[in-house]
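This report is for a reader new to the structure.

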Amino acid sequence: MKSYASLLYTPALLLASVARPGRVHADMLVLDLEDSIHPARKAEARALLAQPDLDLTGAGLPALGLRVTTIATPDGLADLRALIEMDATIGGVPVDVVFIPKISGAGDVAIYRSLLSHTSNPPQICSFIETVDAVDNAMEIAAVSDGLCFGQADLTADLYAENAFYLDHARARLCAAAAKYRVPAIDTNSFELHDLDVVAAQCRAARDAGFTGKAAIHPRQVGTIAETFTVGPEQIAEYRSVVEDYNSTPYGFAVEEDRVLAPPFVLRAQRMLQLHAPTTDTAAQNTRTNAQSARTK
């Protein structure tokens with residue numbers, strides 16, 4: 001799964017608000033059939049996405065995701081059935097990633113992947129780590145997923161109290177699992193809609209914890225998120241320079257004017273290139289391919 005710096009979640013029922021060109025400035029639009037849709041209106045939301053005259057091809061969407069309801073519920077089963085019947089396409093635009101909530105372990109992901117295999121071009125799967133079981137099984141879930149998302153609100157609801165120590169533990173587990181299996185780690189959304197300084201602080205904390213992107217629930221949050229998580233051409237060039245310069249030196253450890261070239265720093269640069277520039281770095285792409293193959297064994 002590509003690393004997306006910013007993901008804008010929009011209730012499926014509000015699709016019209018983002019269906020026009022220039023309305024989405026995030027790296028991915030995620031249409032939501034889960035928490036943002038009242039149970040009494042979920043069938044209406046599915047019908048809206050499946051209407052035959054819906055056309056999103058001119059909306060200029062950078063990437064399209066869909067968050068479904070858990071298949072532990074009738075609505076979740078209906079979401080997956082509708083998606084399969086639409087051949088994983090909404091308004092003529094293929095769904096790149098399906099976001100699956102409230103899973104417990106790797107077996108849950110396997111069920112979704114099996115169901116989605118019945119589409120012409122199966123979407124990738126990004127798994128939510130938002131239950132106590134998912135936190136415990138984060139490594140196994142990451143091994144069979146294309147990305148991980150942190151669901152802090154739902155995880156907190158699983159607890160008796162908003163235990164900051166446990167939530168930090170959950171974040172660390174998620175980020176370590178994502179890094180181990182070379183998949184993106186997406187932070188939970190912020191419920192702060194007005195004070196962007198608060199959003200910026202949350203973004204920095206998430207980045208420092210190891211998250212590679214963050215979800216937004218309002219367009220005004222997107223710019224702040226993108227500013228924190230976007231890895232630009234200059235940073236990509238620096239990572240590439242570290243790898244190339246190390247490969248050209250005869251030493252295993254070299255000290256230059258403003259940096260140290262050593263295997264741990266080179267390995268991190270290679271991993272960041274693999275995550276953020278996979279199509280331009282052949283070696284990194286090969287590493288990713290090998291990692292995916294290892295998961296299936």
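## Strand pairing around β7

Two strands pair if DSSP finds at least two bridges between them. In this predicted model, β6 and β7 run parallel and are joined by four bridges.

Serine 127 stands opposite leucine 148 in β8. How much of β7 is covered? Strand β7 spans residues 124–129, and five of its six residues are buried.

## Confidence in the model

The chain has a mean pLDDT of 89, and 92% of its residues reach 70 or more. Residues 280–297 have a pLDDT below 50, and this stretch has 22 contacts in the model beyond near neighbours in sequence. Where pLDDT is low, the predicted coordinates should not be read in detail.

## Strand β10 and its partners

In the parallel sense, β10 pairs with β1 over three bridges. Leucine 8 has alanine 216 as its bridge partner in β10. β10 also pairs with strand β9 (residues 185–187), in the parallel sense and over two bridges. Here the bridge partner of aspartate 187 in β10 is lysine 214. From β9 the chain passes through α8 to reach β10, and this β-α-β crossover is right-handed.

In a regular strand the side chains alternate between the two faces of the sheet. In β10, Gly213 and Ala215 point one way, while Lys214 and Ala216 point the other way. Are these four residues of β10 buried or exposed? All are buried, including Lys214.

## Aromatic pairs

How many aromatic pairs does a search of the whole structure find? The search finds two. One is formed by tyrosine 9 and phenylalanine 99; this pair is edge-to-face, with 6.1 Å centre to centre and 65 degrees between the planes. It links distant parts of the chain, with tyrosine 9 in strand β1 (residues 6–11) and phenylalanine 99 in strand β6 (residues 97–100), 90 residues apart. Tyrosine 9 counts as buried because its relative accessibility is 10%, under the 20% cut-off. Phenylalanine 99 is buried too, with a relative accessible area of 0%.

Phenylalanine 150 and phenylalanine 211 also form an aromatic pair, which is tilted: the centres are 6.3 Å apart and the planes are at 35 degrees. Phenylalanine 150 is in strand β8 (residues 147–150) and phenylalanine 211 is in the loop between α8 (196–209) and β10 (213–216), so this pair ties together parts that are 61 residues apart in sequence. Both phenylalanine 150 and phenylalanine 211 are buried.

A charge and a ring also come together in the model. The charged end of lysine 180 sits over the ring of tyrosine 181, at 5.5 Å from the ring centre.

## Threonine 212 in its loop

Threonine 212 is in the loop between α8 and β10. Why does threonine 212 count as buried? The reason is its relative accessibility of 14%, which is under 20%. Apart from neighbours within four places in sequence, the residues in contact with threonine 212 are Ser3, Tyr4, Ala5, Pro184, Ala185, Phe229 and Leu275.

Alanine 45 is part of helix α1 (residues 42–50). Its relative accessibility is 0%, so alanine 45 counts as buried. With neighbours within four places in sequence left aside, alanine 45 is in contact with Ala12, Leu13, Leu33 and Ile37. For one of these, leucine 33, the C-alpha atom is 6.9 Å from that of alanine 45, and the two residues are 12 residues apart along the chain.

Leucine 273 lies in helix α11 (residues 263–276). With a relative accessible area of 4%, leucine 273 is buried. The C-alpha atoms of leucine 273 and glycine 210 are separated by 15 Å, and these residues are 63 residues apart along the chain.

Key: Residues are numbered from 1 along each chain as its sequence is written. This is a predicted model: local features need pLDDT of at least 70, side-chain atom pairs count only at pLDDT 80 or more; totals for chains, interfaces and linings use all residues. Side-chain values use heavy atoms; hydrogens and water are left out. Rings of Phe, Tyr and Trp (its six-membered ring) pair if their centres lie within 6.5 Å; planes under 30 degrees apart count as stacked, over 60 as edge-to-face and the rest as tilted. Buried means under 20% relative accessible area, exposed over 50%, partly exposed in between (1.4 Å probe, protein chains only). A charge sits over a ring if NZ of Lys or CZ of Arg is within 6 Å of the ring centre and within 35 degrees of the ring normal. pLDDT is the predictor's confidence in each residue, from 0 to 100. Contact means heavy atoms within 4.5 Å. A crossover is right-handed if, with the strands pointing away from the viewer, the path from the first strand over the helix to the second runs clockwise.
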